[in-house]
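Work through the exercises below with the model at hand. Each task is followed by a solution in steps.

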Amino acid sequence: MPNIPVTTRFGQYTVSVGSGILGSLSTHMPARGGIFLITSPEIWALWGERLRTSLAPKEPTVLFLPPGERHKRLSQVERLVTEMTKAGADRSSVLIAFGGGVTGDVGGFVSAIYMRGIDYIQIPTTLLAQVDSSVGGKTGVNLQTGKNLVGCFYPPQAVIADIELLRTLPQRELRAGIYESIKAGLIRDEALFRFIEKCREAIDRGDAASLEKMVATSIRIKADVVGEDEQELGVRMILNFGHTLGHAIEAATDYRALLHGEAIAWGMLAALEISRQRKMLTSDEVRRMQKLILYFQPPPLPPIRPKRLLHVAAGDKKNRAGVRRFVLLQGLGNAVVVEDVTDAEVLAAMDSTRQLCESQ
């Protein structure tokens, strides 16, 4: 079982990766203090008994958060902390975020602000959350005006990425996570990209050994980047490859048209096109990268007015002092942050990406 350390200026925690490791959860629990758990009704129905057994003899107080980005809002945070207060949560309590990326982001944010901070543990149940959102200490919620605009950096005590939990994922959810692992290879690790290319069929059918290797490698990449720059002041921005337009696509469609990973897939394809336009990548390199992303069949791009997309992208949290920050590729495994991408380049890339979508 790989145990991957994440070291930041706020301390160190470990990400455990393996199949059937949920039973190790009790080793992370303090001797005193109540256990509170945020999850979705669907995840609790599938895995609740397994989790309860792993915590025995302690019994968690279970709080439910509906699935989906549209529920990642401050109104839900207020409801959850109110329920915790009524159930007797105090500073010695531990919160477990048991679910996908929305549950993890909201659970981490609740932990950060409840009584000015309590301990929490991430148990991601989707591939997307395992390879990305559960690692790095980002927490927060969405506003109507944009994604993740309210939040803070607050690292967990531990992350448990149990590959067995992915068994019940629909293929669409599995692929949403694969796109994020492809991103990790594109920005930082050519060997990971080649592995996904080589094993794409096994990964797509949910082969546990292939998934474990992909997940562990993706997490190591993120752990290295986060260790260098936890608060996204520099190199960590490369993790946002595909996210400027991906987040804009999500917000412009009220988070209803695509899963997060699917929106990022189209955002990456657009960023690849801008990189090609700028001659940072050759046409052959771009075709190779496009081929792997498109192998996993992202759903069609929803119709969005170009001006609407530009308006939403202008509110991206990576922007500084009105300057649009965009992550592009200088080659496979080599991401760079640029500050001079124009509206015309964005619109041309989105037009090209839409044509690519329609040709599939």
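**Exercise 1.** List the residues that line the second largest cavity and sort them by class and by element.

Step 1. In this predicted model, the lining consists of Val131, Asp132, Glu180, Ser181, Lys183, Ala184, Ser218, Ile221, Lys222 and Leu239. A cavity is a set of points on a 1 Å grid over the protein atoms alone where a 1.4 Å probe fits but cannot get out, and lining residues have an atom within 4 Å of a point.

Step 2. By class, four of them are nonpolar, two polar and four charged. Ala, Val, Leu, Ile, Met, Phe, Trp, Tyr, Cys and Pro count as nonpolar, Asp, Glu, Lys and Arg as charged, and the others, Gly among them, as polar.

Step 3. At least two lining residues each come from α4 (127-133), α5 and α8, and α5 has the largest share, with four.

**Exercise 2.** State the volume of the second largest cavity and how many cavities of 30 Å³ or more there are.

Step 1. The second largest cavity holds about 60 Å³ of space.

Step 2. There are two cavities of 30 Å³ or more in the structure.

**Exercise 3.** Describe the second largest pocket (an open set with protein on both sides within 12 Å along at least five of seven lines).

Step 1. Its volume is about 180 Å³.

Step 2. Of its 14 lining residues, Leu166, Arg167, Arg205, Gly206 and Leu211 are the closest to the centre.

Step 3. Two or more lining residues come from each of α5 (171-188) and α8 (208-228).

Step 4. The lining has seven nonpolar, three polar and four charged residues.

**Conventions.** Residues are numbered from 1 along each chain as its sequence is written. Local features need pLDDT of at least 70, side-chain atom pairs count only at pLDDT 80 or more, and totals for chains, interfaces and linings use all residues, while side-chain values use heavy atoms, leaving out hydrogens and water.

Methods
Grid points are joined across faces, edges and corners, and a volume is the space filled by probe spheres set on the points.
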